[in-house]
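Let's take a walk through this structure together. Have a look at the picture first, and then we'll go piece by piece.

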Amino acid sequence: MSVTLTAGTLQAIRERVGKRGVSAYLEKAAQRQIERDSLDELIADFDKVHGPADPEAVAAKRARLTGGATNAGVAA
């Protein structure tokens, strides 16, 4: 499989890691994306079984974890 990066994307990567670090950077980025995709699948499966999370409950738990006030209007 061949992937084509835009010149701007490749330049931004090279500015961060240098020419020799591009492959390692792309490998780590791919690993993170796979982890996110797997998490999205896990959440979708959970939602099918249990329904979507209650936004107010999520806001309350987020506030508890971060030490902030609840924001019921914030999407989780």
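A handy term to start with: a residue is called buried when its relative accessible area is under 20%, exposed when that is over 50%, and partly exposed in between, using a 1.4 Å probe and counting protein chains only. What you're looking at is a predicted model, where local features need pLDDT of at least 70, side-chain atom pairs count only at pLDDT 80 or more, and totals for chains, interfaces and linings use all residues. Residues are numbered from 1 along each chain as its sequence is written, and side-chain values use heavy atoms, with hydrogens and water left out.

Now for the overall layout. The protein chain has 3 helices and 0 strands, so helices (H or I, at least four residues) and strands (E, at least two) here are DSSP runs, numbered from the N terminus. Going along the sequence, you get the pattern α-α-α. Of the 76 residues in the protein chain, 7% are buried. The chain exposes about 6,700 Å², with 55% of that coming from carbon and sulfur atoms; accessible areas come from the Shrake-Rupley method with a 1.4 Å probe, and for residues only the protein chains shown count as cover.

How do H1 and H2 pack? Their angle is about 105 degrees, and their axes are 9 Å apart. Axes are lines fitted to C-alpha atoms, for helices over the stretch in contact, and angles run from 0 to 180 degrees between N-to-C directions. That makes H1 and H2 roughly perpendicular to each other, a label for angles of 65 to 115 degrees (under 35 is roughly parallel, over 145 roughly antiparallel, the rest oblique).The contact between them is made by Leu10, Ile13, Arg14, Arg16 and Val17 of H1 and Val22, Tyr25 and Leu26 of H2, where contact means heavy atoms within 4.5 Å.

Let's zoom in on Leu26, which lies in helix H2. Leu26 counts as partly exposed because its relative accessible area is 34%. Leaving out residues up to four places away in sequence, Leu26 touches Leu5 and Ile13. The C-alpha atoms of Leu26 and Ile13 are separated by 8.7 Å.
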